[in-house]
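User: I would like to learn how to read helix packing and contact surfaces from a set of coordinates. Could you take me through the features one at a time, with the general idea before the case?

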Amino acid sequence: MNQSSQPSCCQQQETIVLPSYTGSACCARGAGEKRTSLPRLDQGFVIGSVSTPAGSVPRVSSELQWRDHWGAVKARWGVGRMDYSIDPGLYALGNPDRESPVLVSANYKMSFDALRSALPGRDLWIMALDTKGINVWCAAGKGTFGTEELAGRIESSGLKEVVSHRSLILPQLGAPGVAAHTVKKLSGFGVRYGPIMAADLPAYIDAGFKAASKMRLKTFPLRERAVLIPVELVETIKPTLIIAPVLFLLGGIGGPAGFWANVLHEGSFAVLAFLSAIVGGAVIHPLLLPYLPGRAFSAKGLALGAVVAVMMLSLQGYDLSMWAGRLGILAWLLIIPAVTAYLAMNFTGASTYTSPSGVNKEMRWALPTEIGMGLSGLIIWVASRLIA
Amino acid sequence: MRQLTYLKDVVTLKLDQEKCTGCGMCLEVCPHEVFKMNTRHAEIRNRDACMECGACSRNCPFDAISVQSGVGCAAAVIGAMLGRTDQPCCGPSDSGCSSPAANEKGCCG
């Protein structure tokens, strides 16, 4: 009935000419009954906008800029990692239209960047949920990447006016937080779970939204373990700044020479031994995880720590014929594995396959063991210095 | 790469085959191939591979799966022991969770 050359999208949505939305933002600015909230256009990675009935949707590219890469490097080193977020809401990748698929992600910038950079040459919508800047899997475990947020975001982003279909693609690792059948009930949108890795999305889409079984399997390959090392190391800086000076000065107690001569010899070794234990737990343990003996991470850490301790002790050359030397060796055989095992145990939080029940069981024996070994090692070490 | 498995016989996963209709949703969302489909319904094929993420139970439309999902990182458990219950893990503020993994892949199991 409306035959005017400028179709009015509010009255007659079906007359919209695809792919461009000629009606621009008339609906969102209309009666004011809608509370559409779109992401800001002045975010650094936004390269333009797409005019839709819901308003101007920010457009992004699949090509990452140096700024995006630098941001990721900083986040990996723990710099601003908890504040590395984008505005939640709807984004356009390329030049999507009413039929284009809608991918759902988190508003952690590293997640968002991983998603868009995996989709060069594609035209689709990306809806970022407000996960408080946390990645999809963590946020799903916490419930912020969840059913309610998703249903609410569908409304507030104006998605129903932007696309004609009623289907969403969620990352499989979002499933712990989202009940697909409930989303359907609340919003009318059907949820499809896509592959675990963004890199598999093109193949998934091209296969008609079918994931090969290997796309559904979460592995923990070397590369993924290696990128966790920086932040594991950064986490040890604060305790090291307290513990290392204490060890350094404790090295001056007793011993054959004067206080500062002892500090230089034994104190320096103590600091080095402690640092080697950290390297064992925060660097070598993640790298060698599948090949270390045992299932519990603490067991792997104890074994690795023992090897590290033997290597360090061979450098120091304690005198095995003396009680002081024997006790010194015993002390470091306790302290180094204790520290390495503790850090290894902490890596359960970063791994992709440990269950909460398992972590609880492991910690019941591992934590007392680690504390006991560490403290008794320290006492034995000081005693060995006093009799030396 | 061979699949990594954590501790044996600790997982709280349960599947009620009476309620299961064989829709296959659990096979789709499980990241560790814990389930397999027999002719009529799903069954657990590799319980020890389960990391208790809770994706299957949340997405089962028929309430056939139960699992005690929760925080699976040591730092969170230590935090709880020390009485820091506010943000057990994965929080945007570092206060509650000292886990180095708070924004990495597998935090919170």
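User: How are the axes of α12(A) and α13(A) placed, and at what angle do they cross?

Analyst: One looks at the approach of the two axes and then at the angle between their N-to-C directions. In this predicted model, the axes of α12(A) and α13(A) come within 7 Å, with a crossing at roughly 150°. Because angles over 145 degrees count as roughly antiparallel, α12(A) is roughly antiparallel to α13(A).

User: Is the crossing of α12(A) and α13(A) left-handed or right-handed, and how do the residues in their contact divide by class?

Analyst: The crossing in which α12(A) passes α13(A) is left-handed, and the contact of these helices has 22 nonpolar, five polar and two charged residues.

User: How many residues of chain A and of chain B are in contact?

Analyst: One counts the residues on each side and then asks which elements supply them. Here 52 residues of chain A are in contact with 46 residues of chain B. On the chain A side, the helices that each supply at least two residues are α3 (136–142), α6 (180–187), α9 (229–250), α12 (323–346) and α13 (356–387), and the largest share, eight residues, comes from α13(A). By class, this side of chain A has 25 nonpolar, 16 polar and eleven charged residues.

User: Into which domains is chain A divided, and how far apart do their C-alpha centres lie?

Analyst: Chain A consists of domain 1 (13–218) and domain 2 (223–387), whose C-alpha centres lie 44 Å apart. Their contact takes four residues from domain 1 of chain A and five residues from domain 2 of chain A, and the domain 1 side comprises one nonpolar, one polar and two charged residues.

Conventions
Residues numbered from 1 in each chain as written. Chains lettered and ligands numbered in written order. Predicted model: local features only at pLDDT ≥ 70, side-chain atom pairs only at ≥ 80, totals over all residues. Domains from an automatic or database assignment. Contact = placed C-beta atoms within 7 Å. Nonpolar A, V, L, I, M, F, W, Y, C, P; charged D, E, K, R; others polar. Helix = DSSP H or I, 4+ residues; strand = E, 2+ residues; numbered from the N terminus. Axes fitted to C-alpha atoms, helices over the stretch in contact; angles between N-to-C directions. Parallel < 35°, antiparallel > 145°, perpendicular 65-115°, else oblique. Left-handed = near helix turned anticlockwise from the far one by under 90°.
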